[in-house]
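Open the model in your viewer and keep the sequence panel beside it. This tour goes from one selection to the next and says what is there at each stop.

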Amino acid sequence: MTHPAEDVRPPTMADVAREAGVSHQTVSRVLSGHPNVRAATREQVTAAIERLGYRRNSAARALVTRRTRTLGVIAVNTSLYGPASTMTGLQEAAREEGYLVSTVSLRTGSGQGLKDAIDHLAAWGVEGVVAITPQRSHVQALAELDAPFPVVTVEGGHQLDLPGVSLDQELGARMVTEHLLAAGHSTVWHVAGPGDWLESEARTAGWRAVLEESGIEPPRVLEGDWSPLSGYRAGQELAGLALARRGTAPVTAVFVANDQMALGVLRALREAGIRTPAQVAVAGFDDIPEAEYFPPPLTTVRQDFAAIGRRSIGLLVDHIEGRARKAEHLLVEPQLIMRASTRPSTEG
């Protein structure tokens, strides 16, 4: 004969109060960090919480405080390294701040898709949203929505009236281009990302600015779609130009807008019998985990996704709690990582 299971309900605040020998109100004050609690009483309540294994009921707390301590994240194109790594950084930063995260991943950032995502998160009671919106059309669509809570963009550009956090993409591109020119190359070619991506725009702008400031006419831009295949095709074209030695812009150095495309460029050069870096130096952007193991190891720009996450969540919380200006824009500084795929040119 079986017997009913014993009561295994989770401990309540009332149980903690009885265990500690204090009032329910005192337990509540300890949990909320109220200053008017004696240190001995606080230790007594904390010990009772640990003995009982008490966990706060967030739903009940939300009814009392009208705060859900939940943030939303909307992310577009999470199959790519940058958006996926940014999402991880945001989730870690939110947990450190004591918030839960509800995430909506979108394949495309259409206006209707973003609206549906905002409505979904609003129904779940989020207090604010971080939107990873790397394309200009995404940010424009987001700016047109009337969200019922603060919204902070990540890599959303600074031209629109939305608060946001971005890596200083233009600075990263400048660092790579300056590094290649300092190595002795007379010019630097560029394989860009898709034209509608704000990151691609900024990286191209940084590359172009350095060349023009140095009195060098920028070579024509080759455009890819972030994939190794598009980098491979661009690499084939660059290999043909390098072998033919035609034109006024010799192909001895290439800045590729992300590491995956750089992998394709390296393969195309290798298949054409062009040695890297002896004949053509190649640098990428992102510092994906595999970049150090490319043949040869890739010079690239590292993004601090943890810092981007912390600053984005911090800015959002500031807006939720009324401490931030309406459209503050924050930049995170990149880091140039120099490896064997670039070295001083022997040209001339």
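Which element gives the largest share of the lining of the largest cavity? Helix α5 does, with three residues. Before going there, some ground rules.

This is a predicted model, in which local features need pLDDT of at least 70 and side-chain atom pairs count only at pLDDT 80 or more, while totals for chains, interfaces and linings use all residues. Residues are numbered from 1 along each chain as its sequence is written, and side-chain values use heavy atoms, with hydrogens and water left out.

**Stop 1: the whole protein**

Show everything as a cartoon. The protein has twelve helices and twelve strands; helices (H or I, at least four residues) and strands (E, at least two) are DSSP runs, numbered from the N terminus. Of its 348 residues, 50% count as buried. Buried means under 20% relative accessible area, exposed means over 50%, and partly exposed lies in between (1.4 Å probe, protein chains only). Among contacts with a separation of 6 or more, 71% are between residues 24 or more positions apart; a contact means heavy atoms within 4.5 Å.

**Stop 2: the largest cavity**

Select Leu-80, Tyr-81, Gly-82, Pro-83, Trp-197, Glu-199, Arg-203, Trp-226, Asn-258, Gln-260, Asp-286 and Gln-303, which line the largest cavity. About 120 Å³ of space lies inside this cavity. On a 1 Å grid over the protein atoms alone, a cavity is a set of points where a 1.4 Å probe fits but cannot get out, and lining residues have an atom within 4 Å of a point. Grid points are joined across faces, edges and corners, and the volume is the space filled by probe spheres set on the points. The count of cavities of 30 Å³ or more comes to two. The elements that give two or more residues to the lining of the largest cavity are α5 (81-96) and α9.

Now pick two of the lining residues. Trp-226 is in the loop between β7 and α10 (228-244), and its phi is near 80°, a positive value in a residue other than glycine. At 7% relative accessibility, Trp-226 counts as buried. Asp-286, in the loop between β9 and β10, also has a positive phi, about 125°, although it is not a glycine. Its relative accessible area is 7%, so Asp-286 is buried.

**Stop 3: helix α9**

Select residues 198-213. The 16 residues of helix α9 should span 22 Å at 1.5 Å a residue, and the end C-alpha atoms are 22 Å apart, which agrees. The expected span is 1.5 Å times one less than the number of residues. Just after the helix, Gly-215 takes a positive phi of about 75°.

**Stop 4: the sheet of six strands**

What is the order of the strands in the open sheet of six? The order is β2-β1-β3-β4-β5-β11, with parallel pairing. β2 (100-106) and β11 (329-332) stand at the edges with a single partner strand each, so one side of each has no neighbour in the sheet. Two strands pair if DSSP finds at least two bridges between them. Strands β3 (129-132) and β4 (151-154) pair over four bridges; in β4, Val-152 is the bridge partner of Val-130, and Val-154 stands opposite Ile-132. Val-151 and Thr-153 point one way from β4, Val-152 and Val-154 the other way, and all are buried.

**Stop 5: the sheet of four strands**

Three bridges join β6 to β8, and Trp-189 stands opposite Val-254 in β8.

**Stop 6: two cis bonds**

Zoom in on the bond from Thr-276 to Pro-277, which is cis with omega near 10°. Pro-277 lies in the loop between α11 and β9. The bond from Pro-295 to Pro-296 is also cis, with omega near 0°, and Pro-296 sits in the loop between β9 and β10 (300-302).

Conventions. 1 Å grid on protein atoms, 1.4 Å probe; cavity = no way out; pocket = protein on both sides within 12 Å on 5 of 7 lines; lining within 4 Å.
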